[in-house]
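Thanks for coming. Please have the sequence and the model open while I talk.

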Amino acid sequence: MGYFYLGLLLFCSLLLVFASGSVRNLPIIPFDEGYTPLFGDDNLVIHRDGKSVHLTLDDRTGSGFVSQDLYLHGYFSASIKLPADYTAGVVVAFYMSNGDMFEKNHDEIDFEFLGNIRGKDWRIQTNVYGNGSTSIGREERYGLWFDPAEDFHQYSILWSDSKIIFYVDHVPIREVKRTESMGGDFPSKPMTLYATIWDASNWATNGGKYRVNYKYAPYIAEFSDLILHGCSVDPIEHISKCDNAQIPSGVTPIQRTKMENFRKKHMTYSYCYDRVRYKVPPSECVISPQEAERLRVFDPVTFGKGRRHHGKQKHRHNQASQAVASSF
Ligand SMILES: *[C@@H]1O[C@H](CO)[C@@H](O)[C@H](O)[C@H]1NC(C)=O
């Protein structure tokens, strides 16, 4: 009897830990146990501790690694330090995808770090594709409240069957709730986790205006504290080996306030308000007049009222759209 209650207590406190959205103290996986090099040969260097990895971009190649397992849902996290100084055209990506298995109807969840010219900060972009929905980009972009090239910061993706949450240093910055109308656009097939650095000269910085300058190479992105906490899936039979209860879930009221504050201060782009790309916002968008106004002040062309623009402005916007429409 006593053991039963002790067990129940333990079980409930475990549930509480997860329900409260606490994702600290999850096990950090040594590189060799969870990942494998993807490309770039010796531009990928594993530290002696076995837990940190350097990804380098130089004039020969970028580099990247990928998780050994496929996952259906979970919490995926890395502590990342981005290259400093002049990084225009450089992209560091931390993302989930199954593009190699499903060419026509792949799923994808992205953190993309877009380099910048000297003196200007890195920007982050988040995006989601489901079942090949690449004609609808669901990008958001943000500045950060710190210099991501100065130190390590934690970037995390939580993916369940009902929502996707992006975190920076445990602060949720975006929540994508699955809605009925999204249909297959919500990622729902098993994916692997990727980390890459590559030359995105054609679109990364101001739609390709600033290209990678190899005078400043090598560009080195450092990864550590790699967390793979998900339901791994057999690649052949697609059978999941765990149940969803173990995935940390939800945004607490305190976190939600933090998220709203972050978005007010740091969000610079949201597809939901882009009147040039979407005359009618995609169905899952919940339009907030305050948010619309904030973005309009920031960029009246993109977030304006859908009036026709001409000349220079139009040209500029076409480049930007092309930039965000690109994928891997
Ligand atoms: C995903 O795409 C495939 C192929 O285009 C289609 O047959 C399937 O119904 C789609 N699934 C969902 C959930 O929309």
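Two notes before that. This is a predicted model, in which local features need pLDDT of at least 70 and side-chain atom pairs count only at pLDDT 80 or more, while totals for chains, interfaces and linings use all residues. Residues are numbered from 1 along each chain as its sequence is written.

The chain has 5 helices and 15 strands. Helices (H or I, at least four residues) and strands (E, at least two) are DSSP runs, numbered from the N terminus. Of the 328 residues, 34% count as buried. A residue is buried if 20 or more other C-beta atoms lie within 10 Å of its own, exposed if 12 or fewer, and partly exposed in between, with C-beta atoms placed from the backbone. Next, contacts: two residues are in contact if their C-beta atoms, placed from the backbone, lie within 7 Å. Among contacts in the chain with a separation of 6 or more, 70% are between residues 24 or more positions apart.

Now the sheets. Strands of a sheet pair through backbone hydrogen bonds, either parallel or antiparallel. Here, two strands pair if DSSP finds at least two bridges between them.

V92 has F113 in β7 as its bridge partner.

The other sheet I will describe is also open and antiparallel, with 7 strands in the order β2-β3-β14-β5-β10-β11-β12. At the edges are β2 (44–46) and β12 (171–177), and each of these pairs on one side only. From one strand to the next, the twist averages 20°. Within β14, F76 has L228 as its bridge partner, and S79 stands opposite S224.

Further along that sheet, β11 (residues 163–168) pairs with β12 in the antiparallel sense over 6 bridges. The two form a hairpin with 2 residues between them, and D169 in the turn has a positive phi of about 50°. V168 bridges to V171 in β12.

That brings me to backbone geometry. Most residues other than glycine have a negative phi, and most peptide bonds are trans. D41 has a positive phi of about 45° although it is not a glycine. D41 lies in the loop between β1 and β2, and is exposed because 9 other C-beta atoms lie within 10 Å. D225, also not a glycine, has a positive phi near 45°. D225 lies in strand β14 and is partly exposed, with 15 other C-beta atoms within 10 Å. A cis peptide bond joins A217 and P218, with omega about 0°; P218 is in the loop between β13 (192–199) and β14.

Is G89 buried or exposed? G89 is buried, because 27 other C-beta atoms lie within 10 Å. This glycine sits in the loop between β5 (70–81) and β6. Residues it touches, not counting those up to four places away in sequence, include G115, D199 and Y210. G89 and K209 are 120 residues apart in sequence, yet 8.7 Å apart in space, C-alpha to C-alpha.

Last, the ligand. Which residues surround it? They are N105, N131, G183 and G184. Near, in this case, is a C-beta atom, placed from the backbone, within 6 Å of the molecule. By class, the shell has 4 polar residues, no nonpolar and no charged ones. Ala, Val, Leu, Ile, Met, Phe, Trp, Tyr, Cys and Pro count as nonpolar, Asp, Glu, Lys and Arg as charged, and the others, Gly among them, as polar.

Definitions and conventions:
Axes fitted to C-alpha atoms, helices over the stretch in contact; angles between N-to-C directions.
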